[in-house]
Amino acid sequence: MNAEEICVIFPGLTVDPHFRIASPHDPAYNCFAWAAGDDHRWWDPVPLIAPTRAGVHWPAHVPVLLSRAAFIAAYATIGYEVCADPKLEEGFEKIALYENADGEPVHAARQLDSGVWTSKLGRANDIEHGAPETIEAPLSGAPALFLRRPRQA
Amino acid sequence: MSQPLYVDDVLKSWKTTPAPSERDDRESWLGGSRSGLGTAHEELEARLASWASEASEELGRQSHERAWRLRELLASDLESSSVPLKIRRRTGVPVADRFGALAESWRTETLLESSVTRMAMHRAYQQIIGLGYGVVPLILAELEREPNYWFWALTSITGEDPAAGEDTLEGATACWLSWGREHGYIG
């Protein structure tokens, strides 16, 4: 997708000076994986009753549910815990978890050490944006929760 | 000029003819399947003859389930582009064209989706599953061209899960392509 097409879906990016496309399309990983720093697997709690769970990853021993609690548990496996806000904090990296109107997690973004946020858009591009709320949209929902962990070396 | 041959009709005919429980009934069962296809094309006849021979052997071993499966596989083979002639779904649109249009719609409309479950619930994806065995070689060819999350559809249609436990797109794709080669769906 080009910048113009992305801005049609996420209008907030049209006035975001930090918006840029940071990678080509890659279906191997999604936003939840990218927020966890994983760019070769698709993190997804595909239900156990699905015909197959091939091609997706979900941390072991975490409930296979499309719920806030399950995602908190999934990110806890790599050291994240819930925090108060998305403000840049020295020594910490943060994740914003987005939910749709039904309360389902639909997107996640990760804060870079510059304070700018990075998001993977489905099977498409990685982008950078200035704040979690600049990609609020029906598709990506709205930031509902923030997590943090000590910044990794 | 031969009449159009509709795969739906052939399958319906086949499915209403149960596999025989007695060996003596074998020929009439195979004959019924043959008449369902008619004599539309030499290649078709050759494929049918080959299938009938194989199915006959299976029936001889009283492996009705396997013989039944062979008949389904033949139907899917006929639906694929390898025998294009007059084989059409009732829509009048060749299965390959219908699959192509649905796949394009699914790829475009779910590009930004982060959930495989929501991708699989997409209207076009569900319609592709509904096309049945005939799209298996088409999906595998698509998977070979561009890895994507077709595993839910493939497992739904075939009942097979050769990529179970593979947690990467690359790994699951490799497993399904290997399965497709083993079963003669792709070269």
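1. Strand S3 (residues 92-99) of chain A pairs with strand S7 (residues 142-150) of chain A through 8 bridges, and the two run antiparallel. Strands here are DSSP runs of type E with at least two residues, helices are H or I runs of at least four, and both are numbered from the N terminus; two strands count as paired if DSSP finds at least two bridges between them. To find your place in this pairing, look for Ile95(A), which stands opposite Leu147(A) in S7(A).

2. A word on the model before going on: it is predicted, so local features need pLDDT of at least 70 and side-chain atom pairs count only at pLDDT 80 or more, while totals for chains, interfaces and linings use all residues. Residues are numbered from 1 along each chain as its sequence is written, chains are lettered from A and ligands numbered from 1 in the order in which they are written, and side-chain values use heavy atoms, with hydrogens and water left out.

3. S3(A) also has S4(A) as a partner, joined by 5 bridges and again antiparallel. Here Glu99(A) stands opposite Pro105(A) in S4(A). The two strands form a hairpin with 5 residues between them, and Gly103(A) in the turn has a positive phi of about 80°.

4. Is S3(A) enclosed or open? Of its 8 residues, 7 are buried, so the strand is largely enclosed by the rest of the structure. Buried means under 20% relative accessible area, exposed means over 50%, and partly exposed is in between (1.4 Å probe, protein chains only).

5. Arg148(A) lies in strand S7 and Glu89(A) in the loop between strand S2 (81-83) and S3 of chain A, so the pair ties together parts that are 59 residues apart in sequence. Arg148(A) is partly exposed at 22% relative accessibility, and Glu89(A) is partly exposed at 27%. The rule asks for a side-chain nitrogen of Lys or Arg within 4 Å of a carboxyl oxygen of Asp or Glu.

6. Now to chain B, which has 10 helices and 2 strands. Buried residues make up 47% of its 187 residues. Within this chain, Glu113(B) and Arg118(B) form a salt bridge with their closest N and O atoms 2.7 Å apart; Glu113(B) is buried at 15% relative accessible area, whereas Arg118(B) is partly exposed at 23%. Salt bridges that share partners also join Glu104(B), Arg107(B), Glu142(B), Arg145(B) and Glu146(B) into one network.

7. How do the two chains meet? In contact (heavy atoms within 4.5 Å) are 32 residues of chain A and 26 residues of chain B. Together the chains bury about 2200 Å², 60% of it on carbon and sulfur atoms; this is the accessible area (1.4 Å probe) that the two parts lose on being put together, summed over both.

8. The rule finds 2 salt bridges across this interface. One of them joins Asp167(B) and Arg41(A), at 3.4 Å from N to O. On the chain A side, helix H2 (31-35) and strand S4 (105-111) each give two or more residues, and the residues that touch chain B divide into 20 nonpolar, 7 polar and 5 charged. Nonpolar here covers Ala, Val, Leu, Ile, Met, Phe, Trp, Tyr, Cys and Pro, charged covers Asp, Glu, Lys and Arg, and the others, Gly among them, are polar.
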